[in-house]
Amino acid sequence: MPISTIGQNGLQQSRILTAVQQPAGAVLQVVQGVDTTYRSTNSNWPVASGFGTSITPTSATSKILVMMDIQFWVNAGTNTNKIGIHGIYRGSTYLMGQRVSINANYSGMDAFWTVNLIYLDSPATSSSVTYNHYWGRYDTANFPNQLNMGDGMPTVGGTQPSTITLMEIAA
């Protein structure tokens, strides 16, 4: 962030603040991963989807705002209950999750969703950190859901990419 001041000679001078000098709440960097790879699972929660994005904080005191926008569909076959669970992990450490479900009055219907996961993390490191998307079906064999995302989705206006956006926030 440029800062302008008037020097002793009366001329305007500018300087750039380093990441450490930024005020609390300033966005220091933004990293985004985009995924169009076809992914599918009919395994129970939690399963690493293989989609993750890394960021290297400039300071161990920084916070990381994690935003996942996951496009997916559920094929429940003859089951009327369609339940999927999505979550955010830092490496292999669970941070938060969300269950997405629909109980239809009939079977054989595919269900399409966008799930938005948002979490403010304090990784307490200045080393590279990877945030991973985990998913899975609800925990019993009575829900034979197949969760799918990426390029292999049925045509609904073309490829529906999923994204992970990481924002480093000065503390």
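User: Before the fold, how are helices and strands defined here?
Analyst: Helices (H or I, at least four residues) and strands (E, at least two) are DSSP runs, numbered from the N terminus. The model is predicted: local features need pLDDT of at least 70, side-chain atom pairs count only at pLDDT 80 or more, and totals for chains, interfaces and linings use all residues. Residues are numbered from 1 along each chain as its sequence is written, and side-chain values use heavy atoms, with hydrogens and water left out.

User: OK. How many helices and strands are in the chain?
Analyst: The chain has 0 helices and 12 strands. From the N terminus on, its elements read β-β-β-β-β-β-β-β-β-β-β-β.

User: How much of the chain is buried?
Analyst: 39% of the 171 residues count as buried. Buried means under 20% relative accessible area, exposed means over 50%, and partly exposed is in between (1.4 Å probe, protein chains only).

User: And the accessible surface of the chain, what does that come to?
Analyst: About 8700 Å², with 49% belonging to carbon and sulfur atoms. The areas come from the Shrake-Rupley method with a 1.4 Å probe; for residues, only the protein chains shown count as cover.

User: Of contacts between residues at least 6 apart in sequence, what share join residues at least 24 apart?
Analyst: 77%. Contact means heavy atoms within 4.5 Å.

User: Switching to the core. Which residues have the most contacts inside the largest nonpolar one?
Analyst: Val66, Met68, Ile88, Tyr131 and Leu166, in a core of 17 residues. A nonpolar core is a set of buried Ala, Val, Leu, Ile, Met, Phe, Trp, Tyr and Cys residues joined through side-chain atoms within 4.5 Å.

User: Which elements give two or more residues to this core?
Analyst: β5, β6, β8 (93-103), β9 (110-121), β10 and β12 (162-169). β6 gives the most, with 5 residues.

User: Now aromatics. How many pairs does the structure hold?
Analyst: It holds 4 aromatic pairs. One of them is Tyr89 with Tyr94: the ring centres are 5.5 Å apart and the planes sit at 70 degrees, so this pair is edge-to-face.

User: What are the cut-offs for ring pairs?
Analyst: Rings of Phe, Tyr and Trp (its six-membered ring) pair if their centres lie within 6.5 Å. Planes under 30 degrees apart count as stacked, over 60 as edge-to-face, and the rest as tilted.

User: Is Tyr89 buried or exposed? And Tyr94, buried or partly exposed?
Analyst: Tyr89 is buried, at 8% relative accessible area. Tyr94 is partly exposed, at 45%.

User: What about Tyr89 and Tyr134, stacked or edge-to-face?
Analyst: Stacked, at 3.7 Å centre to centre with 20 degrees between the planes. Tyr89 lies in strand β7 (residues 81-90) and Tyr134 in strand β10 (residues 129-137), so the pair ties together parts 45 residues apart in sequence. Tyr134 is buried, as is Tyr89.

User: Which residues do the ring pairs link into a cluster?
Analyst: Trp45, Tyr89, Tyr94 and Tyr134.

User: Ala48 now. What does it contact, leaving aside neighbours within four places in sequence?
Analyst: Ala48 is in contact with His133 and Tyr134. Ala48 lies in strand β5 and is partly exposed, with a relative accessible area of 46%.

User: Next, charges. How many salt bridges are there?
Analyst: There are 2. A salt bridge is a side-chain nitrogen of Lys or Arg within 4 Å of a carboxyl oxygen of Asp or Glu. Asp35 and Arg39 form one (2.8 Å, N to O), and both residues are buried. Arg90 forms another with Asp121, with the closest N and O atoms 2.7 Å apart.

User: Where do Arg90 and Asp121 lie?
Analyst: Arg90 is in strand β7 and Asp121 in strand β9, 31 residues apart, so the pair links distant parts of the chain. Arg90 is partly exposed at 23%, whereas Asp121 is buried at 2%.

User: Last one, Ser62. Where is it found?
Analyst: Ser62 is in the loop between β5 (47-55) and β6 (63-75). Ser62 is buried, with a relative accessible area of 4%. Its side chain joins that of Glu168 in a polar contact of 2.6 Å. Such a contact is a pair of N or O atoms within 3.5 Å; within protein, one must be able to donate a hydrogen and the other to accept it, and residues adjacent in sequence count only if both atoms are side-chain atoms.
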